[in-house]
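Please open the model in your viewer and follow the selections below in order.

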Amino acid sequence: MTLSKQARFRVGAALGVAGVVVPLSVVMGAPAAQAAEACSAGTGTHQKQVEQLLGLKVDGVQSSADCQAIRTFQIRHDVWPQYGYAGPLTAAKATYVKTQQDAKQNPNKNGQCPTNVGRVACVDLTRQISWIQDGSKVVSEPVPVRTGRDGNETRPGLHKVYWRNKDHVSTLYGSPMPYSQFFDGGIAFHATQAGMWSPPGSHGCVNMTMNDAKRYWSMLKVGDEVYVYGTKPGT
């Protein structure tokens with residue numbers, strides 16, 4: 001079930017972020033019309049942390065520019081409520097997103113994805129990212145993914161792409177799964193309209209944006225390895 005915006009606001013307020021919430025900077029590309037609306041949130045409980053994570057001036061004092069940047073981040077990354085307040089939910093999401101951004105330089109820095117199996121699509125559940133490498137060479141940079149929710153976790157392990165269907169529709173949920181590449185039973189890489197950071201997660205598949213799913217479709221084939229490791233936060 002999908003919560004309405006009003007319901008999500010009540011949930012956010014119950015978690016102690018009443019009044020306003022927060023976002024990762026203008027560079028993240030939020031809808032301009034929404035971001036331009038009046039923003040009057042005061043200094044948040046996690047103001048300095050959020051300022052640092054979003055690349056803002058770190059002084060612990062909310063400014064109009066801070067509020068707009070935080071709100072832009074909230075809109076872009078589905079943090080509710082979306083009033084530009086630097087609360088705990090925004091700080092947690094900003095930390096999460098920055099971790100993904102930092103991974104772009106060297107996603108396999110810890111050597112957890114195998115480098116001796118040829119082409120392999122790596123899925124790091126902890127950081128919620130995926131990339132493709134040939135040996136130790138990254139050939140497709142890490143992108144955010146949305147993996148299985150609590151109770152429907154994406155299973156760790158070494159798998160192989162065994163079936164592909166560009167126009168697949170789920171037989172269980174009746175939902176479209178464009179550019180599906182199955183690698184573990186009913187688990188597949190596929191495109192989704194859901195935001196990569198939207199809770200609670202998939203039913204086990206590795207969700208991707210349409211552009212990323214198309215790129216994976218063009219780069220992988222039946223027989224290619226998929227290595228899933230780590231643990232998704234909250235599962």
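Does Tyr227 count as buried, partly exposed or exposed? With buried meaning under 20% relative accessible area, exposed over 50% and partly exposed in between (1.4 Å probe, protein chains only), Tyr227 counts as partly exposed because its relative accessibility is 23%. Tyr229, at 6%, counts as buried.

This is a predicted model, in which local features need pLDDT of at least 70 and side-chain atom pairs count only at pLDDT 80 or more, whereas totals for chains, interfaces and linings use all residues. Residues are numbered from 1 along each chain as its sequence is written, and side-chain values use heavy atoms, with hydrogens and water left out.

Keep both tyrosines selected and turn to the rings. Six aromatic pairs are found in the whole structure, a pair being rings of Phe, Tyr and Trp (its six-membered ring) with centres within 6.5 Å, stacked if the planes are under 30 degrees apart, edge-to-face if over 60 and tilted otherwise. Tyr227 and Tyr229 form a stacked pair, because their ring centres are 5.7 Å apart and their planes lie at 25°. Select next Tyr162, Trp163 and Phe182, which ring pairs link into a cluster.

Now select Val226, which, leaving aside neighbours within four places in sequence, is in contact (heavy atoms within 4.5 Å) with residues including Val120, Gly157, His159 and Phe189.
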